[in-house]
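Subject: Structure handover

Hello,

Here is the structure for your files. My notes on what was found follow below it.

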Amino acid sequence: MNKHSYKIIAALIAFVLMIQMPVAYAASLSDLKKERSQIEAEKKELTKSLQQKTGEIQSNQNTQQKIISQLEQIGAKINQTHKEIELVEIDIEIANGEISDLEAEIVDLQERIDKRDELLRDRARAIQIGGTVSYLDVLLGANSFVDFIDRFSAVNTLMDADRQIMREQKEDQEKLEEQKVILETKKKKLEENKAQLNRLMASLKEQQTEKNRLVDELEKEEARLRSQKSELQEEYDDKVEISEELEKQVLAEQRRLAEVARQKAIEAKKKRDREKANAVSSGSGKLPTVAAGTWTRPAAGRYTSGFGRRNIGPIGSKNHLGVDIANSIGTPVVAAADGVVSYASRMGGYGNFVMVTHSINGQVFTSTYAHLSGYTASVGDIVTKGQQIAKMGNTGNSTGPHVHFEIHVGEWNGARSNAVNPLRYISL
């Protein structure tokens with residue numbers, strides 16, 4: 001069961017108790033209306049909060065758009081970084097291939113140089129074993145001119161071969177050194193490319209981390225605001241449901257009170273007819289004529305004092321919050337309108353005092369009757385307009401037999417701040 005269900009059940013229980021306690025009819029209706037007004041005020045505040053939260057969500061969406069723009073920029077950087085990484089990886093792949101080719105070529109050159117070195121060493125050993133023999137000795141040892149020519153041709157061939165070997169050896173050695181330098185350059189460039197690749201990869205990781213952070217921030221803020229709005233909406237919906245339920249209770253209570261008043265009015269009319277039939281003709285026992293409309297005067301007699309400030313002695317004054325009607329002690333005092341007797345006892349300077357609470361067209365009124373000699377109604381009695389509730393007297397701060405009559409808009413309060421001139425409602 002959710003929270004607003006408990007509230008509704010509590011309101012229904014209160015409504016049942018209200019039915020069981022007639023003395024609280026008007027007060028209960030007033031409480032229902034006050035609670036309904038309070039709920040409406042809370043609904044307005046919640047509506048304002050919902051509008052504010054909607055504005056915050058809209059503002060957050062603008063912020064989200066900025067973050068999305070940042071994400072797009074980061075995405076473009078990430079794409080560019082990926083392209084640069086691909087280019088560097090291609091460079092590294094090419095460099096690795098070139099290095100492999102150079103290393104293979106260097107190995108080949110080294111093998112050729114080593115073979116020539118071996119050949120030159122073999123020839124040197126052969127010369128050393130055979131003794132020092134120069135090409136001139138070979139030529140001079142010819143037996144004939146033809147032999148000389150043959151020997152000369154052979155010597156030239158050997159000398160050309162030696163020179164070619166030496167030339168090739170030198171070229172290969174120079175090329176070997178050159179290739180080694182190129183190889184070192186390639187390897188250095190490769191290391192630089194690898195370092196650049198590492199930097200690009202680190203940059204890519206940072207960019208991706210920043211992107212994820214922005215996305216997390218975006219989602220977190222969006223979730224927070226929507227959660228708050230959802231809570232406010234749920235609370236608002238609860239208030240709407242409670243408000244509707246209270247409205248139903250108010251209408252039901254008004255209908256019920258109207259029906260009770262109608263039934264009691266029928267009973268009261270019968271009672272008044274009996275009382276009028278039994279009333280004595282003297283002033284002390286005469287009921288006042290019941291006026292048409294909602295209100296009637298509370299007693300027969302003379303109108304002796306009105307509403308407002310009046311003088312007391314030569315220099316004093318006080319605020320008189322009702323009207324006075326004078327007659328003999330025992331004159332019937334009647335309810336000025338349909339209602340419920342909510343007080344019947346002594347009250348300070350008022351003497352014997354009766355209070356009746358009314359609900360008229362949804363508005364609560366309270367009428368009071370003071371300086372009484374006795375009561376004919378008790379607390380909790382439902383009374384109708386013109387029904388006797390007390391007898392006129394001279395109790396409390398009174399200078400003669402009369403009834404002091406007040407009307408208050410709303411419930412009775414000790415300060416009597418809501419008292420109004422009774423002549424606005426009754427005729428004398």
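In which sense do strands S8 and S10 pair, and over how many bridges? S8 (residues 363-375) and S10 pair in the antiparallel sense over three bridges. Strands and helices here are DSSP runs (E, at least two residues, for strands; H or I, at least four, for helices), numbered from the N terminus, and two strands pair if DSSP finds at least two bridges between them.

This is a predicted model, in which local features need pLDDT of at least 70, side-chain atom pairs count only at pLDDT 80 or more, and totals for chains, interfaces and linings use all residues. Residues are numbered from 1 along each chain as its sequence is written, and side-chain values use heavy atoms, with hydrogens and water left out.

Strand S10

S10 covers residues 388-392, and four of its five residues are buried (under 20% relative accessible area with a 1.4 Å probe, protein chains only; exposed is over 50%, and partly exposed lies in between). Opposite Met 392 of S10 stands Leu 372, and opposite Ala 390 stands Tyr 375. S10 also pairs with S5 (residues 332-334), antiparallel and over three bridges. There, Val 333 has Ala 390 as its bridge partner.

Strand S8

Ten of the 13 residues of S8 are buried. S7 (residues 352-360) runs antiparallel to S8 and is joined to it by eight bridges; Ser 359 has Val 364 of S8 as its bridge partner. The hairpin of S7 and S8 has two residues between the strands, and Asn 361 takes a positive phi near 55° in it. S8 pairs with S11 (residues 402-409) as well, in the antiparallel sense over six bridges. Ile 407 in S11 is the bridge partner of Ser 367.

Surface patches

Patches are made of residues with over 30% relative accessible area and no salt bridge, joining like charges within 9 Å and nonpolar side chains (Val, Leu, Ile, Met, Phe, Trp, Tyr) within 5 Å. A salt bridge is a side-chain nitrogen of Lys or Arg within 4 Å of a carboxyl oxygen of Asp or Glu. Areas come from the Shrake-Rupley method with a 1.4 Å probe.

Leu 87, Ile 90 and Ile 94 make a nonpolar patch of about 280 Å². Ile 94 is in helix H2 (residues 25-130) and counts as partly exposed because its relative accessible area is 45%.

A negative patch is formed by Glu 231, Glu 234, Glu 235, Asp 237, Glu 241 and Glu 244. Glu 235 is in helix H4 (residues 145-278); at 32% relative accessibility, Glu 235 is partly exposed.

Regards

Conventions: Lys, Arg positive; Asp, Glu negative; His and termini not counted. Charge placed at Lys NZ, Arg CZ, Asp CG, Glu CD.
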